[in-house]
Amino acid sequence: MSENDEKRITVPVLREKKRRGEKITALTAYDYPTAKIVDRSGIDLILVGDSLGMVVLGYEDTIPVTMDDMIHHTRAVARGVKSALVVGDMPYFSYHLSEENAVANAARFIKEAGARAVKIEGASPRRLRLIELLVEAEIPVMGHVGLTPQSLCRLGRFKVQGKRREDAGRIAESARRLESAGVFSVVLECIPMELARVISESLEVPTIGIGAGPHCDGQILVFHDLVGYSNGYLPKFVKRYADMGAVLGEAVSGYAADVRRGAFPDDQHSYHLGWEIGPDGLGNGEERKNETEDE
């Protein structure tokens, strides 16, 4: 067993964290440099979410994201991770056609992209059967109930779920059925904190909240929202820990200003010949001494 294997977060590690009452930390990442930052910071779980459609690719929602998009970005993230559990998000219509097609798509995340698990939205009877098949195929599955963004066409807009008594009961039952089907954790998105507490206390597998209050076993946010690098609407549940959009904007503006006034590049940021240019051209000058220029 390598040192990396000893440090790696696995499905059993997450379950043990819940048993000990330790909070689980999770974030999204969509590329290699971000994955390295998140992993080095000690985050337990990295979700390569289909939210990349909105955050990185510029779509209005997650619906247009393809399997090839997800494999491309998950592969980049996996290359930057040494310890966090990498989870690939099954995009819309990657698990709707047939069980065989869905299992094959999930296997691509493991075999081609380097993920260690996949996430699937919903808890319909057909979805539960699929989860059982994936678990049987040795593919760990993260469930997802509450607000399910891939249901946008049906929902009409993103909004809090489970405020009414019957809806709350349905979401709680869905979470229990997901656990019975074999998921290793359940994402609870945009539900009342009281409902999230009831669900978290009723399940043996960890719950990961996003807009579900403090009583979940763990929390996840979109990385770009967390660091202030998103340009769109921010939900109530997002807490910004930095304003990288402003920092990056100032850096770009400073660069542009320096270029326009001729201040960049200067002598310090330029390379030099190893000899003085003579009066007759490049070949006639004297060699410079003690040059330490980078190649």
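## Thr 207 and its neighbours

Leaving aside residues up to four places away in sequence, Thr 207 touches Val 186, Leu 188, Ile 199, Ser 200, Cys 216, Asp 217 and Gly 218, where contact means heavy atoms within 4.5 Å. This is a predicted model, where local features need pLDDT of at least 70 and side-chain atom pairs count only at pLDDT 80 or more, while totals for chains, interfaces and linings use all residues. Residues are numbered from 1 along each chain as its sequence is written, and side-chain values use heavy atoms, with hydrogens and water left out.

You'll find Thr 207 in strand β7, residues 207-210. (Helices, H or I with at least four residues, and strands, E with at least two, are DSSP runs numbered from the N terminus.) With a relative accessible area of 0%, Thr 207 is buried; that word means under 20%, with exposed over 50% and partly exposed in between (1.4 Å probe, protein chains only). Its side chain also makes a polar contact with the side chain of Ser 200, at 2.6 Å. (A polar contact is a pair of N or O atoms within 3.5 Å; within protein, one must be able to donate a hydrogen and the other to accept it, and residues adjacent in sequence count only if both atoms are side-chain atoms.)

## Leu 52

Over in helix α4 (residues 52-55) sits Leu 52. Why does Leu 52 count as buried? Because its relative accessibility is 0%.

Not counting residues up to four places away in sequence, Leu 52 touches Tyr 30, Leu 57, Met 70 and His 73. The C-alpha atoms of Leu 52 and Val 65 are 8.0 Å apart, and these two residues are 13 residues apart along the chain.

## The largest pocket

Now for the open spaces. A pocket, on a 1 Å grid over the protein atoms alone, is an open set of points where a 1.4 Å probe fits, with protein on both sides within 12 Å along at least five of seven lines; lining residues have an atom within 4 Å of a point.

The largest pocket has a volume of about 1,200 Å³, a volume being the space filled by probe spheres set on the points, which are joined across faces, edges and corners. Its lining has 44 residues, and Glu 189, Cys 190, Ile 210, Pro 235 and Phe 237 lie nearest its centre. α4, β6 (185-189), α10 (193-202) and β8 (218-221) each supply at least two lining residues.

## The second largest pocket

This one has a volume of about 500 Å³. Of its 24 lining residues, Gly 122, Ala 123, Thr 148, Ser 151 and Arg 154 lie nearest the centre. Helix α9 gives the largest share of the lining, five residues.
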